[in-house]
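My entries follow in the order I made them.

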Amino acid sequence: MKQKSYKYDVAVIGGGPSGLSAALAAARHGSKVIIVERNDYLGGNAATGLPFLGFLDKQGRQVIGGIAQEMIGSLSEIGMSPGHNRCPLHNSVTIFHPDIFKMVAMDKCQKEGIHILLHSELIDVTVTDRKITQVCVMGKGMRINIEASVFIDGTGDGDLAYLAGCSYEMGQADTGIMQPPSLMFSLNGFDEEKFFEYLDQHPEDLQPSDSMQVSNGYNTAYFKSHKSYVFLGLRSLLSRLRKEGKNPLTRDTLIYINSVNPGQIFINTTRILNFDGTDPEEITRGSYEGMKQIMQITELLKNEVPGFGNCFISSINPTLGVREPRRFSGKKRLTIEDAVHGWIPPDTIALGSYKIDVHSGLDDSTILTDLEGPYGIPLGCLISTEIDTLLFSGRHISMGALTLGSARVMPTCMAIGEAAGICAALAAKRSIFPARIPYEDVVTLLKNDNAILSI
């Protein structure tokens, strides 16, 4: 077997939104960095057609800056994002071209001298005296050994922390059930004007579920006002079609995200129930079920919904979009009470403000609950209690299951990643563990880099 060995200051495992931000931040603060990704691109869920939710809070105030805002700024400059739009349902929506996001992400990493390693899956972690001394990844039959002073788990599901033996939780506290994943796909040939005419004639199909809080103004006038929007509706129509035996879906609503490309939309409506995203057998089942649902959804929309008659499937995402992963034990824990009460402690390294968004893993319902303002995410939520050289970055940080419903959105995860990268760079430079870095030093550098830590 062929082998390679590398040694870096900071190794980021996982190249999704959070890992990307972590790698950029660590490199910009003086570290020699490698980022490892199992796919053939950087960006993770940002490359699926999903929008960025959570840049603005309920009051319309921007709560995410830094690298996340930089990415949208770079895309806006070349006409690949119309920017942020206030939303009566989601607080804010920011769409962008997913494939161009991948290109911009690669360009930024290349310019910072980051070693990008794609097509490489994490297979082994060596832990000695509470320290990860080496990780092993494999691609195309080649074993690659990576040593680093600090490791950042940006896998989204906490695969690095899991292999290192860290303690974790999964699922909702009362049931253990995890939120279901969705398999994203895009449709071309969508007639937006015809669909909006239908909605104007059937306002009942714009009424959200009783479990969703929405402000006034979620209507076709809003959708027409800005390209950055997400449509969530058709509950009445889907309910009627289900009674008539014409609707096989396990969702009570249609969700689509508008695109920067005319006539294209991204569909976020598949739902895989009773699912565990940490089990390859379950992921296989979910991918197959998701593809079957995509065919059913497309046929239903074409046959029953005005504006969709000429649609065709233009792409299917290569990976499932997992909403709920493992959550690991950190020096601090972000609770639902912290989020609801808007607690912003002195050691805040990122703000969250997206609604508490919990998709049922058992049925077709979704709970969407307002937060009146932002909350702070403490640095300690990123620092492992069990491995001294490990930082968490993204949706698997130390927090409760309901808090995850808010903090899992991509801009928040990117803000978390940026803080993890800065903390790792400081630890590597000073030859100490991340837990020994004063939070004031991380906060100062974040503010210098245009992060938003208070309102």
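I call a residue buried under 20% relative accessible area, exposed over 50%, and partly exposed in between, with a 1.4 Å probe and protein chains only. The model is predicted, so I kept the limits in mind: local features need pLDDT of at least 70, side-chain atom pairs count only at pLDDT 80 or more, and totals for chains, interfaces and linings use all residues. Residues are numbered from 1 along each chain as its sequence is written, and side-chain values use heavy atoms, with hydrogens and water left out.

**Entry 1: Ser21**

I started with Ser21, which sits in helix 1. Helices here are DSSP runs of H or I with at least four residues, strands are runs of E with at least two, and both are numbered from the N terminus. Is Ser21 buried or exposed? Ser21 counts as buried, because its relative accessibility is 0%. I then listed its contacts, meaning heavy atoms within 4.5 Å. Not counting residues up to four places away in sequence, Ser21 touches Ile67, Met414, Gly417 and Glu418. Gly417 is 396 residues from Ser21 along the chain, yet their C-alpha atoms are separated by 5.2 Å.

**Entry 2**

Two packed helices are described by the angle between their axes and the distance between the axes. My axes are lines fitted to C-alpha atoms, for helices over the stretch in contact, and the angles run from 0 to 180 degrees between N-to-C directions. I call angles under 35 degrees roughly parallel, over 145 roughly antiparallel, 65 to 115 roughly perpendicular and the rest oblique.

I took helix 1 (residues 17-28) with helix 2 (residues 66-77) and got an angle of about 105°, with the axes 10 Å apart. The two are therefore roughly perpendicular to each other. On the helix 1 side I noted Leu20, Ser21, Leu24, Ala25 and Arg28; they meet Ile67, Glu70 and Met71 in helix 2. By class, this contact of helix 1 with helix 2 has five nonpolar, one polar and two charged residues. Nonpolar here covers Ala, Val, Leu, Ile, Met, Phe, Trp, Tyr, Cys and Pro; charged covers Asp, Glu, Lys and Arg; the others, Gly among them, are polar.

Next I paired helix 2 with helix 3 (residues 98-111). Their angle is about 115° and their axes are 10 Å apart. The crossing of helix 2 and helix 3 is right-handed. I call a crossing left-handed if the near helix is turned anticlockwise from the far one by less than a right angle, and right-handed if clockwise. Helix 2 contributes Glu70, Met71, Ser74 and Leu75, and helix 3 contributes Ile100, Phe101, Val104, Ala105 and Lys108. That contact of helix 2 with helix 3 has six nonpolar, one polar and two charged residues.

The crossing of helix 1 and helix 3 is left-handed. Leu20, Leu24 and Arg28 of helix 1 make the contact with Phe101, Ala105, Lys108 and Cys109 of helix 3. I sorted the residues of the contact of helix 1 with helix 3 into five nonpolar, no polar and two charged.

Lys355 lies in the loop between strand 17 (348-352) and strand 18. Lys355 counts as buried, at 1% relative accessibility. What does its side chain reach at 2.7 Å? I found the backbone oxygen of Leu89. A polar contact of 2.8 Å also joins the side chains of Lys355 and Asp370. A polar contact is a pair of N or O atoms within 3.5 Å; within protein, one must be able to donate a hydrogen and the other to accept it, and residues adjacent in sequence count only if both atoms are side-chain atoms.

Asp357 is in strand 18 (residues 356-359). At 8% relative accessibility, Asp357 is buried. Its side chain makes a polar contact of 2.8 Å with the side chain of Tyr354.

**Entry 2: positive phi**

Most residues other than glycine have a negative phi. I noted His119, with a positive phi near 55°. His119 is in the loop between strand 6 (115-117) and strand 7 (121-128), and counts as partly exposed at 47% relative accessibility. Ser431 also has a positive phi, about 55°. Ser431 is in the loop between helix 11 (410-430) and helix 12 (439-448), and is exposed, with a relative accessible area of 67%.
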